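Colleague: I would like to go through the labels given to this model and what each one rests on. Please set each value against its definition.

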Amino acid sequence: MNRKNKILVSCGILLIVLSVAFKLFLDSVYRIPILMYHSIEYTPNKKDKITVSPDAFTRQMKFLHDRKYNVIPLEEAVSYIREKKRPPARTVAITFDDGYENNYKYAYPALKRYHMPATIFIITDKVGKNDFMDWGQINEMSASGIIDIESHTISHAWLKYIDDKKLKDELAGSKEVLEKMTGKKIKFICYPMGGYNEHVKSMAKDAGYEAGFATKPTRLAPSYDVYEIKRVRISPTADNLFVYWIKLSGYHAFFRALHEDSKKTDIVK
Ligand SMILES: [Zn+2]
């Protein structure tokens, strides 16, 4: 082999090694994008970081539909995480926290129109009060086969700092009420305001939950722990479909963590 060929072969090997390393790196920071919505409402308050307008939400669902995203029920997303498997490209799951009535009024029609499965985490004590959905609306959606109803506790308590009796109540009590009212098995818990620790996770497991959902995606390490599944917050910045596309990539949590680390802040929301 002459010198030129040796250089070519060395470059080729280097390129292969770099590609494999890059692929391994991407796989290590990838997380299945589980979108986290809250209120879908028209609001003049631009400072509200968790309310998405109905028009923007409908555009986002159309985007997922037109770009042929693989929108899967939350249960399937949990299976991928539990089995440590990477889903097909452009796989996404959709969740809503709190159970606002505007989810029924604005999100549900768009989800139906574009055939998008989604999960809504309900605070049982809030059902039928103020801006929250009532049992009729919850059951209509649950029966549609499009919406999966799960628990967001009884009172939206900060689970890290309550005593065990109250913690058990919040976890098992909300599950019981939702199962009674919907006639379906409640499998998942969403920790209010991202408040959880190892004890909360083990109590959730004891209460019969199969997975628990968090709110803040700050950890860099890949997480296959189904009792602290991270999600991607959809805020009004995602009205811009380019931002939305980035949030759907599966790498958003990694870049966000880098950004947060550089600011040295602890985002709780
Ligand atoms: Zn909440």
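Modeller: Let us begin with E170, which is found in helix α6, residues 164-182; a helix here is a DSSP run of H or I with at least four residues, a strand a run of E with at least two, and both are numbered from the N terminus. This is a predicted model, in which local features need pLDDT of at least 70 and side-chain atom pairs count only at pLDDT 80 or more, while totals for chains, interfaces and linings use all residues. Residues are numbered from 1 along each chain as its sequence is written, and side-chain values use heavy atoms, with hydrogens and water left out.

Colleague: Why is E170 called buried?

Modeller: Buried means under 20% relative accessible area, exposed over 50%, and partly exposed in between, with a 1.4 Å probe and protein chains only. E170 has a relative accessible area of 1%, so E170 is buried.

Colleague: What makes the pairing of the E170 and S155 side chains a polar contact?

Modeller: A polar contact is a pair of N or O atoms within 3.5 Å; within protein, one must be able to donate a hydrogen and the other to accept it, and residues adjacent in sequence count only if both atoms are side-chain atoms. The side chains of E170 and S155 are joined at 2.5 Å. A polar atom of the E170 side chain also lies 2.8 Å from the backbone nitrogen of I154.

Colleague: Which residues does E170 touch, leaving aside those up to four places away in sequence?

Modeller: With contact taken as heavy atoms within 4.5 Å, E170 touches T153, I154, S155, H156, A157, L159 and I162.

Colleague: Is N2 buried, partly exposed or exposed, and what is its relative accessible area?

Modeller: The relative accessible area of N2 is 45%, so N2 is partly exposed. N2 lies in the segment before α1 (3-29), and its side chain reaches the backbone nitrogen of N5 at 2.8 Å.

Colleague: How many helices and strands does the protein chain have, and why is the chain called as compact as a globular protein of its length?

Modeller: The protein chain has 9 helices and 10 strands. Its radius of gyration is 21 Å, close to the 18 Å that the globule rule gives for 269 residues, so the chain is as compact as a globular protein of that length. The radius is taken over C-alpha atoms, and the rule is 2.2 Å times the number of residues to the power 0.38. Along its principal axes the C-alpha trace spans about 80 × 40 × 35 Å.

Colleague: What share of the 269 residues counts as buried?

Modeller: The share is 46%.
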